[in-house]
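Good morning, everyone. Please have the sequence and the model open while I talk. I will go from the whole chain down to single residues.

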Amino acid sequence: MLQAAPALPHRVLDLLERHAPAESLPAPLRAYGVLVAADPLRVLELLTAPSRAAWLEGVTLPVAVLSRLSRLPVAGLVGLARRLRGRGAAFARLLDAVPPRDREELFTRAMSDVDRSRSLPDPEVLEVLPAGLRVAEARRALTLDAVRQSEPATLRFTAHLPWAEAEEPLLAATRQAGVAERIAGWQLLILCAARSNDPAAVLSATHHLLRLRNEQDPVRGNAVRNLTEVRPALLRPELVEPLEQVVTDAVQARDSSPLTLTRLSELAVLVLRERFDSPVLVRWALHTFQRLLGDDRVPHLGSLDRRLRRGQEVQAFEAVRSWVQLGVERARFEPLFAVARALGERAWRLPDLQSMLARATRRGNLAGVSRTAVDLWLADPRHRDDRVEAVLREDPSAIALPAVWRAVCARRDDLLGAALTRPPPAGRFIPAGVRWVPPRALHPQRWLPHHQEAYVERQAEVVRDPGATPHTRAAALRNAAPVPEAGRRLVLLGGFTGGGDVLADAALAAYAWTDQAGDAVTVLLAHAGADRPRIDVGAVGRASRIVPPRVLLELLDPEQGKVTFRKEAVRLLAARSVPGAADALWRLWQDPELHRDVRVAIVSTARQRAGEPGMWRVLRAAGAGGDRDAVLALLAADPWLVPAGLRADYAALVVAAGAGPDRQVTTRAWAVLPVWAPWLADVSDAVTARLADLDDRTVWPSVVRALVSLVAAGAAEATLVAAVRTLAGLDGAEPTGTDLDRPARRRLESLVGQLTAWSGRAAVDAPGRHAIGAAGRVLSAVDALVPAAATLLLEAADLTDPTGLTGLRNLAADRPVLAARLADRLGQRLQRLVADPDVPLRIALGLAAGPGLAEGLFALAYTTRGRELGWPGPWRAVVETLRRHPVAEVRDAALAVSLDQ
């Protein structure tokens, strides 16, 4: 039994139980990966609760959940397995997560109530069953008429039999006339050999591949691809001879496509990566590379470092040493690089491999080869300091390589002199005629002063070069700026005048990166009115990080400058927690001539810092002011970012916005209202007032959607009842003041439709169904609204209670079309019903005995459970009873049900 770990706060689990709608299922299910670690039994209870049946519809359980649940006793997993058994992939993933010793028991208990004499095993489930049970299930399937009369189905299940029985019929399938049939035959043949877990079977199947010599290329290529799916442990040295012939046939075939040759190389990669312990197989793989790709190409070998046991990288390298060494001796370094990349950090522990990389960095090799070798050789941080010196000693132009420049800047600044204070380096890494300029430096503050001066002078040459592009000159200023003193001098010389001059703009932006960034605020603010506000704003934001907040209020004046700067000033005053910022923003808010964008910036800032003293008055004023942009900014709040004590007050602001005259604002307010549901007071009056405005054509759909979401949150039964009662009354009254056709009825139909859709896709809990039922009972008193009432009452009905459908039967007694529609919907709900199989059977028997149309159709809807169970005898008896029903429509519908499915 799994020991219970410390439980997470119950409010977290309760929130998931009550408020996680089905459409957001992936998020809560990912959360279960964490929750199950704390309390797996509780999570299992949530997953198997009848009220949560819809949670598993169309959702893949995360690996973290399955991994934890698989440690529970088999008896505890039976309910979940029965929930998933109709979904092949989901059921297979659960079985696969369970230890192999428990899979047969879980499968047997999960299927114990299913009549398996007619049901077909799911192919995905067969793949994960233990060998004995898988063979038994395949034999059972082969006795079914549906399989025996279908040759493809017969072959599919034959492929699950032992190799000795399946080899001949599957081999015959590879000789069929159609190309598609032969491709399928080879796939089944090889998969059957792989399932046998016997190297001899795999060897036999590989020998059969020799018949591909005269085959068409698609058949040959797919057969090779299937061989890559064989478990690597089954690939033995005996396979080399037939595999060598397969490669020869593919290379010599006139119609061989690049795809087929690629699949052969993938098979060789698999062998090299997984069977490096077999010299014979490794030699075959390397020989295959050479035949397929020549000497200049090596395929990607994947990642080995995470697959090898500790120290096993030595064995892996020894397996390919001769191949790598031969390539190095011939100045073909692709095998070396491929092996180094595949081994990752494990390659750092192999001195011989590192020596080969060092050889590849030397003069005489192509620049591209040396560049790759340098990156791989310097990857080991333990030897990087010594190796970067060796690289520069070999070729000073290597300073232009990013890996070398980073290492010199960060650790070997003593090597900077050769690159900065002497003539610019030249060599194979710097094109002829190009003067190298050092790029952005790491940690220039640590360098010696003469190195800093030399670096800045190199950047200054670019800044002064009139032939350089504006972007290049601006980048040079930015590179030099962090260098103490010298960098600031260059930025100052860049100039802060010139109107739209790009260099002046770059100097302004770069000043914020200098060692005197605190002074940059003053300098930049002096140019806030210039015609380059975008650069100034960003620079001010960076520079303000090191300015004391009490000083920042004096420097930043949101009442002066261009709009872009004033917006940034508002944001910075709040972001830097400047004392007195709330009062300054309130004074600014009261300016009647304040620009719209600045006003929106104030609201956004106040919204994000609502808990600070003084900010709340801005939010209240924004909500009451009626300015569209300000209110929309107010409505953009995230409840979880608002202090807990203020959420109810903020929710009231959202409700007030929904009652305003601006239809765009009100539509947005009702759209965001549901996220505030836990903190809302009664909104019945607001909802009914909006829905009762029959002249409105734009806002009411948002109100309906909001009402459904509030019901889903379990907080709006009274509001829903008030809304349907109001709309029912308006529909029954004489229409006045509108040219629309029955607008109240259309809104009621939309509300009922959305409630039904939500109920169909979500795990509706008891409060939600109670609210829907209350609304249905209100509508059932109005004859013209009986169809809508019946729809709601069906969604609220307890389908495990024999009396749960009594009211519906009475409503649909004289309405055959309504009865048929309700029966269809009932069948959909029953597909997600989780209950003891005997309960639906008893209800179906009781309904089938009734004489009415509704009873008969409802009973027929319950028989969908019989189809899921393979039509056992009692369920077949229900269908036969309905075929003798006194109502002709019921008899016809029952006769249309096929008991062979």
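**The chain as a whole**

The protein chain has 901 residues, and 50% of them count as buried. Buried means under 20% relative accessible area, exposed means over 50%, and partly exposed is in between, with a 1.4 Å probe and protein chains only. Before I go on, a word on the source: this is a predicted model, where local features need pLDDT of at least 70, side-chain atom pairs count only at pLDDT 80 or more, and totals for chains, interfaces and linings use all residues. Residues are numbered from 1 along each chain as its sequence is written, and side-chain values use heavy atoms, with hydrogens and water left out.

What is the secondary structure? The protein chain has 52 helices and 0 strands. Both are DSSP runs, numbered from the N terminus: helices are H or I with at least four residues, strands are E with at least two.

Now the contacts, meaning heavy atoms within 4.5 Å. Take those in the protein chain with a separation of 6 or more: 66% of them come from residues 24 or more positions apart.

C192 is buried, at 2% relative accessible area. C409 is buried too, at 2% relative accessibility.

**An enclosed helix**

Next, look at helix α20, residues 334-343. Why do I call it largely enclosed by the rest of the structure? Because 8 of its 10 residues are buried. Those are P335, L336, F337, A338, V339, A340, A342 and L343. What do they pack against? Their partners are α19 (312-329), α21 (351-360) and α22 (367-377). After α20 comes G344, with a positive phi near 60°.

**Aromatic rings**

On to the rings. A pair of aromatic rings is described by the distance of the centres and the angle of the planes. Rings of Phe, Tyr and Trp (its six-membered ring) pair if their centres lie within 6.5 Å; planes under 30 degrees apart count as stacked, over 60 as edge-to-face, and the rest as tilted. How many aromatic pairs does a search of the whole structure find? The search gives 11.

One of them is W405 with W447, an edge-to-face pair at 6.4 Å centre to centre, with 80° between the planes. This pair links distant parts of the chain, 42 residues apart. W405 is in helix α24 (residues 402-410), while W447 is in the loop between α25 (416-420) and α26 (449-464). W405 is buried, at 4% relative accessible area. W447 is also buried, at 4%.

Then W640 and W679. Their ring centres are 5.5 Å apart and their planes stand at 80°, so this pair is edge-to-face. It also links distant parts of the chain, 39 residues apart. W640 sits in the loop between α37 (628-635) and α38 (647-657), and W679 in the loop between α39 (663-672) and α40 (684-692). Is W640 buried or exposed? It counts as exposed, because its relative accessibility is 55%. Ring pairs also join W616, W640, Y650, W676 and W679 into a cluster.

A charge over a ring comes next: the charged end of R599 sits over the ring of W589, 4.6 Å from its centre. The rule asks for NZ of Lys or CZ of Arg within 6 Å of the ring centre and within 35 degrees of the ring normal.

**A few single residues**

D217 lies in helix α15 (residues 217-227). D217 is buried, at 8% relative accessible area. Leaving aside neighbours within four places in sequence, D217 is in contact with D255, S256, S257 and T260.

N197 is in the loop between α13 (179-195) and α14 (199-208). N197 is partly exposed, at 45%. H443 lies in the loop between α25 and α26. H443 is partly exposed as well, at 34%.

Last stop: L895, in helix α52 (residues 888-895). L895 is exposed, at 53% relative accessible area. L895 and V879 are 16 residues apart in sequence and 8.2 Å apart in space, C-alpha to C-alpha.
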